[in-house]
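Let us read this structure together, one feature at a time.

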Amino acid sequence: MDLDTIIQVLDSTIRLSTPLLLACLAGLFSERAGIFDIGLEGKMLMSAFFSAAVAFTTGSVWLGLLAGVAASLVMSAIHGLASITFRGNQLISGVALNFLASGMTVLIAQDWFSQGGRTPSLIGAGRFSEITLPLAETFRPIPVFGPIYADLISGHSILVYVAFACVPLTWWVLFRTRFGLRLRAVGEAPEAVDTAGISVTGLRFAAVMICGVLCGIAGAYLATGLQAGFVREMTAGRGYIALAALIFAKWRPWYAMGACLLFGFLQAIALRYQNIDLGAFTVPVQFMDALPYILTVVILAGFVGKAIPPRAGGEPYVKER
Amino acid sequence: MTFFAKTLGTVAALALSAGAALADPALIYDLGGKFDKSFNEAAFNGAQRWAEETGGSYRDIELQSEAQREQALRRFAEAGFNPVVTTGFSMSSPIAAVAADYPDTKFVTIDGFVDPGEHPNVLSILFSEHEGSYLVGMMAAQASTSGTIGFVGGMDIPLIRKFACGYAQGAKAVNPDATVIANMTGTTPAAWNDPVKGSELAKAQISQGADVIFAAAGGTGLGVLQTAADEGILSVGVDSNQNYLHPGKVLTSMLKRVDVAVFESMTQGADLETGVKVLGLAQEGVGYALDDNNAALVSDDMKAAVDAAREQIIAGDLAVHDYTSDDSCPALNF
């Protein structure tokens, strides 16, 4: 395998990891605050549709991004209302939102565009174009570093850089700010936060909303960055893989990036090499596709460290009376 | 709760009033969805043409999950629809399971196969996809300057391998040294609707030198065609004529006249002749698309060569190997 091939596979890894990473960080905020969110998939799908629809109608991808984030926020608000305000079951609410998104996107798309649940293809300013980082061409002749910088690091859409910038940002917010400390506390021991006179409901809503923004960006990246329009069910299970990555990363931001890059890498390898011939035996592509889930199960079973979810996760908070 | 009860009541009333007029045909789309711009949409177009030409009406349903297959068949059969036309290979076993319960209803499975001896009220319509794919494979190899062409399949099933195998044989017939890179998107039905993976597969093939890519992958193929157009290479559409999606960037489309199959089944109505029907080049069941959008891409030489091969196949002088006949392909390794 030569350098070019490695760079192409890694390049593909970055593109495939980005939506996973954004969704994974979204889930991290929500779950750290004690709200399990199985509806990442639905939020991404909703955002993918609205970003593509608005980007097509207005011709501006930025308005599309805003619309996508707004749509995802609405979904988050419903999830918050059901699981925080009304103390409903968080898993049920999440599953319901997934179904809602899967049906509503196609229904609205058919009503607006009559193209059978897809948006028309986006052109020109309706899509995020790939941006070239400064000096990319200057560095290119340098061996090894040049191609890595010019082909791998440069030449992605802006949302990719946003996603990777979100990792240190998430770490800083969660572990270095007062808001982050309270947010983590609300997922571990909400009664303590309540005793300190801080609103549990407010904090949890804030976390769920941040989750909505990140899922919104992820969906917009799928529909307007990677693709040129919305196709029904285009998230294709990425929300669930992101959840698996979140568990794999044990609810920590840097590990989340590692997990998403690993899962993206596995997908990229599976796409590039269908069946991997190792001489003695062949690794079938199906195994590569299943590997993220196998790894997650291994982690959950406690073979490699232990994945302990936030203690108050999944529990609606009831004030003592 | 009263609102909820009212809503439920309305839905129930609607469902009741929607009871069918007798002997209208019904159409069941596969999981790809009615408007996949490809296979199922071709079925829809055929049904629409029938409705417009005869003034008749038909009912259709888009399946959302595997579990609905048998349910939808029984529902249509019990409501008196005849014939019940279905698309997709996955419908053959549900049809085999229900056909005996409704002996007066005719079932049509397009792409599927049900033993006519066991179930005399089923018509299986099959296409010679390998022949059509052979022709577009020839065109792809002629249009390619790098000598490497790509194939992106949807779900990894024998039918899609049949496409790939015919395509590779056509390419090798024109250029024996041609390299054919064949990739499948996945092994679950989600592989029909993942344009992001389609794009990545196309990019991977382009980086390996492919400059014409044939996508037989339903909605996933839209991502392949998009990426091919973005990267400035040619693509080949499938099932329906997809040349218009990216004018001047789609070399041609491998046509599978599902619309004709649906149209004819509906026209024959309840008197449908059952059994097994294979639509190949001779019956115009498969072919390649030529229109204003790709006229500039298809040279006269290309057209002459392809038409000659077409004649040979129809006359029986040229045999294209069918992957499904022995689960192997002489021109391509999977």
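## Reading two chains, feature by feature

Q: What kind of model is this, and what does the span of residues 20–40 of chain A look like?
A: This is a predicted model. Between the end C-alpha atoms of residues 20–40 of chain A the distance is 10 Å, and the span is 67% helix and 0% strand.

Q: Where does UniProt place a "transmembrane region" in chain A?
A: The UniProt entry, which is unreviewed, lists residues 20–40, 52–78, 90–109, 158–175, 205–231 and 252–270 of chain A under that name. Take residues 205–231 of chain A: the end C-alpha atoms lie 31 Å apart, with 81% helix and 0% strand.

Q: How do I read a helix for burial, and how many residues of H11 in chain A are buried?
A: Start with the geometry. An α-helix has 3.6 residues a turn, so residues three or four places apart point the same way. Now the case. Helix H11 (residues 238–248) of chain A is mostly covered, with 9 of its 11 residues buried. Among them are Arg238(A), Ile241(A), Leu246(A) and Phe248(A).

Q: What covers the buried residues of H11(A), and what follows this helix?
A: The cover includes helix H1 (3–32), helix H2 (40–58), helix H12 (253–272) and helix H13 (285–300) of chain A. After H11(A) comes Lys250(A), with a positive phi near 55°.

Q: How is an interface described, and how many residues does each chain give to the contact?
A: The size of an interface is often given as the accessible area lost when the parts come together. Here, residue counts are at hand: 23 from chain A and 23 from chain B. On the side of chain A that touches chain B, H1, helix H10 (200–226), H12 and H13 of chain A each supply at least two residues. H1(A) gives the most, with 4 residues. By class, that side of chain A has 8 nonpolar, 9 polar and 6 charged residues.

Q: How do I read a sheet, and what is the order of the strands in the open sheet of chain B with parallel pairing?
A: Look at the pairing. Strands of a sheet pair through backbone hydrogen bonds, either parallel or antiparallel. This open sheet has 6 strands in the order E2-E1-E3-E4-E5-E11 (chain B), and the pairing is parallel. Strand E2 (59–62) and strand E11 (275–279) of chain B are at the edges; each has a single partner strand, so one side of each has no neighbour in the sheet. From one strand to the next, the twist averages 15°.

Q: How many bridges join E1 to E3 in chain B, and which helices pack there?
A: Strand E1 (residues 26–29) and strand E3 (residues 84–87) of chain B run parallel, joined by 3 bridges. Leu27(B) has Val85(B) as its bridge partner in E3(B). Helix H3 (residues 68–78) of chain B lies across E1, E2 and E3 of chain B, at about 160° to E3(B). Helix H9 (residues 258–268) of chain B also packs on the sheet, touching E1, E3, strand E4 (107–110), strand E5 (122–127) and E11 of chain B. The direction of H9(B) makes about 170° with that of E3(B).

Q: Which strands form the sheet of chain B with mixed pairing, and which are at its edges?
A: The order is E7-E6-E8-E9-E10-E12 (chain B), again an open sheet of 6 strands. E7 and strand E12 (286–288) of chain B are the edge strands, each pairing on one side only. Neighbouring strands are turned by 15° against each other on average, direction ignored. Helix H5 (residues 129–143) of chain B packs on this sheet, touching E6, E8, E9, E10 and E12 of chain B.

Q: Why is E6(B) described as largely enclosed, and which strands does E6(B) join?
A: In strand E6 (residues 148–155) of chain B, 8 of the 8 residues are buried, so this strand is largely enclosed by the rest of the structure. E6(B) runs parallel to strand E7 (residues 179–186) of chain B, with 7 bridges. Ile149(B) has Val180(B) as its bridge partner in E7(B). With helix H6 (residues 158–174) of chain B, E6(B) and E7(B) make a right-handed β-α-β unit. E6(B) is also joined in parallel to strand E8 (residues 212–216) of chain B by 4 bridges.

Q: What about E9(B): how many bridges pair E8(B) with E9(B)?
A: E8(B) and E9(B) pair in the parallel sense over 3 bridges. Ser235(B) in E9(B) stands opposite Ile213(B). E8(B), helix H8 (residues 220–230) of chain B and E9(B) make a right-handed β-α-β unit.

Terms used:
Residues numbered from 1 in each chain as written. Chains lettered and ligands numbered in written order. Predicted model: local features only at pLDDT ≥ 70, side-chain atom pairs only at ≥ 80, totals over all residues. Buried ≥ 20, exposed ≤ 12 C-beta atoms within 10 Å, placed from the backbone. Contact = placed C-beta atoms within 7 Å. UniProt positions renumbered as here; feature names shortened; annotations may be inferred. Nonpolar A, V, L, I, M, F, W, Y, C, P; charged D, E, K, R; others polar. Pairing = 2+ DSSP bridges. Axes fitted to C-alpha atoms, helices over the stretch in contact; angles between N-to-C directions. Right-handed = clockwise from strand over helix to strand, strands pointing away.
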